[in-house]
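Visitor: I have a structure on my screen and some questions about how it packs. Can you take me through it?

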Amino acid sequence: MPAAPSAPPAAAPAPLAIERGTSLSRDAWHRLRKNKLAVFGMVSLAIITLACVFGPMISPYSISEMPFENVGEPPSWKHWFGTDDNGGRDLLVRVLVGGRLSLAVGLCATFVALTIGVTYGAIAGYVGGKVDALMMRIVDIIYALPFTIFVILLMVFTRTLTIKYNLPASFDLLLIFAAIGAVEWLTMARIVRGQVMSIKKMEYVEAARSLGYGPARIIFRHILPNTLGPIIVYTTLTIPSVMLLEAFLSYLGLGVQAPMSSWGVLLNDGQQKLEEFPWLLLFPAGMFSWTLFSLNFLGDGLRDALDVRSSKD
C-alpha cells in the first residue's frame with residue numbers, strides 16, 4: 001500500500017507585537033499638544049519673548065533717541081505703534097523694552113516665591129505635628145493681611161532706604177523682585193505641603209529612611225521631584241499674577257522708576273493722555289493682555305496635561 005501523505009508542517013506562530021512603552025512626560029506632552037489654547041499660549045509666549053529680546057536690537061529706532069519732530073505721531077507704516085508725546089520716541093520699541101523688564105519681574109519674583117514656598121511647604125509637610133501646625137498658622141496670619149497694602153508698605157520702606165543711602169537703580173529693581181516674591185509664596189507652600197504629606201507615606205520614602213538617609217536628602221532627592229507637576233502648573237499661573245501686581249505698583253508710581261520702563265509704567269503714562277493720544281494706552285495694554293492670556297492658557301493646559309487622572313490616548 002502506498003504510504004499516507006504526511007501532514008503539512010504547522011505554520012510558525014506569528015511573532016507577538018511588542019507594545020511600545022510610554023512615559024508620563026510623553027503622555028503629558030501628547031495631551032498638551034491636543035489642547036489648542038495651550039499650544040496657542042505657548043507659541044504666543046515664545047513670539048512675545050523673542051520680540052522683546054531681539055526686537056529692539058534690529059529696530060532702526062532707539063529708545064534713547066528723541067526726534068522731537070515726530071512727537072505724538074499716530075500709528076503709521078513708519079511707526080507701527082506711533083510715537084510718544086515726550087520726545088517722539090517709537091512706541092513699539094518702548095513696548096518691547098518695557099516687556100523685557102515686565103517679563104524679568106514676572107520670572108524673577110516667581111522664582112523667589114517658588115524658592116520660599118517650596119522649601120517652607122516641604123519642611124512643614126515632612127516634619128508634621130506641632131511644627132507643621134505652627135508653620136501653617138503663620139501662613140494663615142500672612143494670608144489675612146491685605147496683600148496690596150502689605151506690598152505698598154514694603155515698597156515705600158525699601159524706597160526710603162534706597163533714597164537715603166543713594167543706592168543704584170538696579171538695587172531698587174531687586175527690591176521689587178523680593179517684595180513681590182515675599183507675598184506670592186503662600187499658595188505654593190500650601191500646595192507643596194499637601195503633596196509632601198501624601199508622598200512621605202510611600203514605600204520608597206520608607207526605604208530611604210531605613211537606609212539612613214537624612215531628612216534633607218529625602219525631601220530634596222526623593223519627595224520634591226515627585227511634586228514637580230503641581231509646582232510647574234502653579235508656577236505658570238503665578239507669573240501672570242506677579243506681572244499684574246508689578247503693573248499695578250508701577251501704575252501707582254511705586255514700581256519701576258525712570259529711566260527704566262515696564263508695561264505698568266507705559267499704562268500709567270497712556271491713561272493720563274488717553275483722550276489726546278489713545279495709542280499710548282491701547283498698544284501697551286494689548287501686549288500686556290496678550291501675554292497674560294498666553295500664560296493663563298499655557299498654565300491651564302499644563303494642569304490638564306499633568307493630571308494623572310486624565311485618560312491616556
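Visitor: Is Val93 buried or exposed?
Guide: This is a predicted model, so every value here is computed from it. Val93 lies in helix α3. Buried means under 20% relative accessible area. Val93 has 2% relative accessibility, so it counts as buried.

Visitor: Which residues does Val93 touch, not counting residues up to four places away in sequence?
Guide: Start with Gly55, which is 38 residues from Val93 in sequence. In space the two are 7.5 Å apart, C-alpha to C-alpha. The residues in contact with Val93 are Pro56, Ser59, Tyr61, Ser62 and Ile63.

Visitor: How many helices and strands are there in the chain?
Guide: Read along the sequence, the pattern is α-α-α-α-α-α-α-α-α-α-α-α. The count is twelve helices and zero strands.

Visitor: What share of the contacts with a separation of 6 or more comes from residues 24 or more positions apart?
Guide: The chain has 313 residues, and buried residues make up 40% of them. Among contacts with a separation of 6 or more, residues 24 or more positions apart account for 71%.

Visitor: Which residues touch the most other members of the largest nonpolar core?
Guide: In soluble globular proteins, nonpolar side chains tend to be buried together. The largest nonpolar core here holds 29 residues. Those that touch the most other members are Cys52, Leu91, Val95, Met243, Trp263, Met287 and Phe288.

Visitor: Which element gives the most to this core?
Guide: The elements that give two or more residues are α1 (24-34), α2 (36-58), α3 (91-127), α10 (228-251), α11 (263-272) and α12 (279-305). The core also draws at least three residues from each of domain 1 (28-59 + 277-307) and domain 2 (104-260). With ten residues, the element that gives the most is α12.

Visitor: Which residues are included in the second, separate core?
Guide: This core has 16 residues. Among them are Val105, Leu245, Leu249 and Val265.

Visitor: What does Val95 touch, not counting residues up to four places away in sequence?
Guide: Val95 is one of the residues that touch the most other members of the largest nonpolar core. Its contacts are Phe81, Trp263, Leu266, Pro284 and Met287.

Visitor: At what angle do α3 and α12 pack?
Guide: On the α3 side, Leu91, Val95, Leu96 and Leu103 make the contact. On the α12 side, Trp279, Leu280, Phe283, Pro284, Met287 and Thr291 do. These residues divide into nine nonpolar, one polar and no charged. The axes are 11 Å apart, and the angle is about 40 degrees.

Visitor: What is the handedness of the crossing of α3 and α7?
Guide: The axes of α3 and helix α7 (residues 186-199) come within 7 Å and cross at roughly 35 degrees. The residues of this contact divide into eleven nonpolar, three polar and one charged. In α7, Met188, Ala189, Val192, Arg193, Val196 and Met197 take part. The crossing is right-handed.

Visitor: Which elements do the buried residues of α11 pack against?
Guide: α11 is mostly covered, with seven of its ten residues buried. They are Trp263, Gly264, Val265, Leu266, Leu267, Asn268 and Gly270. They pack against α2, α3, α10 and α12.

Visitor: Why is Met243 counted as buried?
Guide: Met243 sits in helix α10. Leaving aside neighbours within four places in sequence, its contacts include Ser102, Leu103, Gly106, Trp263 and Phe288. The cut-off for buried is under 20% relative accessible area. Met243 counts as buried because its relative accessible area is 1%.

Visitor: Which residues is Ile176 in contact with, leaving aside its neighbours within four places in sequence?
Guide: Ile176 is in helix α6 (residues 169-181). It is buried, with a relative accessible area of 1%. Glu246 is 70 residues away in sequence, yet the C-alpha atoms of Ile176 and Glu246 are 8.0 Å apart. The contacts of Ile176 are Val105, Met155, Gly255 and Val256.

Definitions and conventions: Residues numbered from 1 in each chain as written. Predicted model: local features only at pLDDT ≥ 70, side-chain atom pairs only at ≥ 80, totals over all residues. Heavy atoms only, no water. Core = buried A, V, L, I, M, F, W, Y, C linked by side-chain atoms within 4.5 Å. Buried < 20%, exposed > 50% of the residue type's maximum accessible area, 1.4 Å probe, protein only. Helix = DSSP H or I, 4+ residues; strand = E, 2+ residues; numbered from the N terminus. Domains from an automatic or database assignment. Contact = heavy atoms within 4.5 Å. Axes fitted to C-alpha atoms, helices over the stretch in contact; angles between N-to-C directions. Left-handed = near helix turned anticlockwise from the far one by under 90°. Nonpolar A, V, L, I, M, F, W, Y, C, P; charged D, E, K, R; others polar.
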